Amino acid sequence: MSVILGIDIGGSGIKGAPVDTASGKLLKERHRIPTPEGAHPDAVKGVVAELAKHFGVDGPIGVTFPGIVQHGRTLSAANVDKAWIGLDADALFTEATGQAVHLINDADAAGLAEARFGAGAGVNGTVLVLTFGTGIGSALIHNGVLVPNTELGHLWLRDREAEDWASDRARERDDLNWKQWSKRVSTYLQHLELLFSPDLFIIGGGVSKKADKWQEHIKLERSRFVPAKLLNEAGIVGAAMMAQEGGPEAQQQEISPTSQSPAPKPASKAGKKK
Ligand code: BGC
């Protein structure tokens, strides 16, 4: 059994628990510390170190972040302090905890966990996981392998970013009832359906707990959709899964010689300048 500490950085709380990465189960009760005001990296670093100490870890740690994470650096900060942009957050947290820390985008973590242990377990093909909260997070997974940092909440729709129009925060801000909000979500999902033809949409984030309020109002042309199952554990579980594999870029699937793409053909004469 491989046990890895997963930590989920959210807008109001930073939560952690040790995870059995083979079963996706939390092995101890989650420990939650309120997110420091403004979520500045230095303050968040202190909380991550405190959580590591609380669980007494000795081994890699997976941490989620609500923005783009590439090669250990946090590259965007739509809903957190701008000091995160360009920061080597893997190094910052590794130094603070004395353990190897791997960061992963929050929706990517939740998506991986849902695809393997939650609503997408056993589903082959393309699974698109969307989290509706303050923003909209996305995770694109094909046959269990993640394409990190898809950021589909920032897709331009109706003259604005989709998350500004269809997130749960937009529902509250515009005082929409569930049916009105579902209409916006359906427009957004239908657009994604056209672009990605997913075999399954998984709808996560805070709204997944209230699926009875919106589920019947979502209308799609040809894809299936289901509410997420792991609720507020998905980020912790996905972060631990990713840390075990050595970070988001390290996730690999064996490619058999027959499934490799053919070597590129030399340019044809027709394409050459005379
Ligand atoms: C961020 C994403 C994040 C999502 C949910 C968006 O604003 O750009 O990286 O996954 O919010 O937190």
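Biologist: Which residues does T131 touch, not counting residues up to four places away in sequence?

Modeller: Leaving out residues up to four places away in sequence, T131 touches A107, A110, I136, G137, G204 and G205. A contact requires heavy atoms within 4.5 Å. Bear in mind that this is a predicted model.

Biologist: Why is T131 called buried?

Modeller: The relative accessible area of T131 is 17%. Buried means under 20%, so T131 at 17% is buried. T131 is part of strand β10.

Biologist: How do you know which strands are the edge strands of the sheet?

Modeller: Start with the order. The open sheet has 5 strands, arranged β12-β11-β10-β15-β16, with mixed pairing. β12 (145-147) and β16 (224-227) each pair on one side only, and these are the edge strands. From one strand to the next, the twist averages 25°.

Biologist: What makes β10 and β11 a pair?

Modeller: Two strands pair if there are at least two bridges between them. Strand β10 (residues 126-132) and strand β11 (residues 136-142) have 7 bridges, in the antiparallel sense, so they meet the requirement of at least two. Within the pair, V127 stands opposite I141 in β11.

Biologist: Which helices pack on the sheet, and in what direction?

Modeller: Helix α3 (residues 106-117) touches β10, β11, β12 and β15 (200-204), and its direction makes about 45° with that of β11. Helix α6 (residues 178-196) touches β10, β11 and β15, at about 150° to the direction of β10.

Biologist: What angle do α3 and helix α8 make, and how far apart are their axes?

Modeller: Two packed helices are described by an angle and a distance between their axes. α3 and helix α8 (residues 234-245) pack at about 90°, with axes 7 Å apart. Roughly perpendicular covers 65 to 115 degrees, so α3 is roughly perpendicular to α8. On the α3 side the contact is made by A109, A110, L112, A113, E114, R116 and F117, and on the α8 side by A234, G235, V237, G238, A239, M241, M242 and E245. These residues divide into 10 nonpolar, 2 polar and 3 charged.

Biologist: Why is strand β5 described as largely enclosed?

Modeller: In β5 (residues 61-65), 5 of the 5 residues are buried, so the strand is largely enclosed by the rest of the structure. Both faces are covered: I61, V63 and F65 are buried on one side, and G62 and T64 on the other.

Biologist: Which strands are joined to β5 by bridges?

Modeller: Strand β1 (residues 3-9) pairs with β5 in the parallel sense over 4 bridges. D8 stands opposite T64 in β5, and I61 is the bridge partner of L5. Strand β9 (residues 101-105) is joined to β5 by 5 bridges, and these two strands run parallel. There, V63 stands opposite L103 in β9.

Biologist: What makes the phi of N149 worth a remark?

Modeller: Most residues other than glycine have a negative phi. N149 is not a glycine, yet its phi is positive, about 60°. E151 also has a positive phi, about 50°, and is not a glycine either. N149 is found in the loop between β12 and β13 (156-157), and E151 lies in the loop between β12 and β13 too.

Biologist: What is the mean pLDDT of the protein chain?

Modeller: The mean is 91, and 91% of the residues reach 70 or more. Over residues 254-274 the pLDDT is below 50, and beyond near neighbours in sequence this stretch has 2 contacts in the model.

Technical notes:
Residues numbered from 1 in each chain as written. Predicted model: local features only at pLDDT ≥ 70, side-chain atom pairs only at ≥ 80, totals over all residues. Heavy atoms only, no water. Axes fitted to C-alpha atoms, helices over the stretch in contact; angles between N-to-C directions. Parallel < 35°, antiparallel > 145°, perpendicular 65-115°, else oblique. Nonpolar A, V, L, I, M, F, W, Y, C, P; charged D, E, K, R; others polar. Buried < 20%, exposed > 50% of the residue type's maximum accessible area, 1.4 Å probe, protein only. pLDDT = per-residue confidence, 0-100.
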